[in-house]
Amino acid sequence: MAFERVDLDPETVVPEPETLFAFFIVLTGEALLVGLFLASGGTSSLGTLVLPFVWVNLGLWALWRAKVPPAPTGRKRRAAAIALGYGLVLAYFGGLWSQGYMFFDTGAYQPSFGWYVSTALPPGFGPAFSYESQLVNVTILPYKLIGYAALTYLVYATVIDAASSAVSGVLGLLSCVSCSWPVIATIVTGVAGSSSALATAAMQQSLPLSTTVFVVTVGLLYWRPSFR
């Protein structure tokens, strides 16, 4: 079996000056947010303060740098539908949305429907927005929202790239094995967290694992093998 060598584009390996400057501004802003959080009396572990910004920075970089291969409009629409479905599944198991209260018995609990904002969480986790209703419940954590959006966009580009090959059925399946890693990680960490009475302890246990999976998945989807 013969393999074709794929040379990496130097622009994707060595950041451009404007990219470095942009991320210098971003990192400065993030350091300021952490400083303000600690100065206001907030406390948290080093990992909880740093790891969400790994999601944010890597996600923004992927959204900025990832290129979508040229393709017919019909193929782009199919790829968008697949990526959107993947993003919704990922967001569901990642806790960004769930079924509303009409789908289960609330018992003595009387939910208050509407939007809520939490500003007491560490930067990256907050400001967190939540919405409760009979049909759907939504919890928006900034670091997860950006990270999942980046993964969804990378899957969109990967599906288009795979569809351009005559053997896309096989290679597309193999390439997107990595797509399932974040879903599996969120399920595993969710189960681990649900058995703990301390939400903070559960968050600290699951965050390093989910961050590692996120970084590896972004790398695999961004520097995916060329299908052509």
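## Elements of the chain

Helices (H or I, at least four residues) and strands (E, at least two) are DSSP runs, numbered from the N terminus. By that rule, helix α2 holds Phe23. The model is predicted: local features need pLDDT of at least 70, side-chain atom pairs count only at pLDDT 80 or more, and totals for chains, interfaces and linings use all residues. Residues are numbered from 1 along each chain as its sequence is written, and side-chain values use heavy atoms, with hydrogens and water left out.

The protein chain has eight helices and four strands. Along the sequence their order is α-α-α-α-β-β-β-β-α-α-α-α. Of its 228 residues, 37% count as buried; buried means under 20% relative accessible area, exposed over 50%, and partly exposed in between (1.4 Å probe, protein chains only). Contact means heavy atoms within 4.5 Å. Among the contacts in the protein chain with a separation of 6 or more, 75% are between residues 24 or more positions apart.

## Helices α2 and α3

Two packed helices are described by the angle between their axes and the distance between the axes. Here the axes of α2 (residues 17–39) and α3 (residues 46–65) come within 11 Å and cross at roughly 155 degrees. Axes are lines fitted to C-alpha atoms, for helices over the stretch in contact, and angles run from 0 to 180 degrees between N-to-C directions. The two helices are therefore roughly antiparallel to each other. For such labels, angles under 35 degrees count as roughly parallel, over 145 as roughly antiparallel, 65 to 115 as roughly perpendicular and the rest as oblique.

Phe23 counts as buried because its relative accessible area is 16%. Leaving aside neighbours within four places in sequence, Phe23 is in contact with Asn57, Trp61 and Trp64. Its C-alpha atom is 9.6 Å from that of Leu60, 37 residues apart along the chain.

Val26 also lies in α2. At 26% relative accessibility, Val26 is partly exposed. Val26 and Asn57 are 31 residues apart in sequence, and their C-alpha atoms are 8.0 Å apart.

## Two further sites

Ser210 belongs to helix α8 (residues 199–222) and is buried, with a relative accessible area of 11%. A polar atom of the Ser210 side chain lies 3.1 Å from the backbone oxygen of Leu207.

Most peptide bonds are trans. The bond joining Gly126 and Pro127 is cis, with omega about 5 degrees. Pro127 sits in the loop between β2 (114–118) and β3 (128–132).

Definitions and conventions: Polar contact = N/O pair within 3.5 Å; in protein donor to acceptor, adjacent residues only side chain to side chain.
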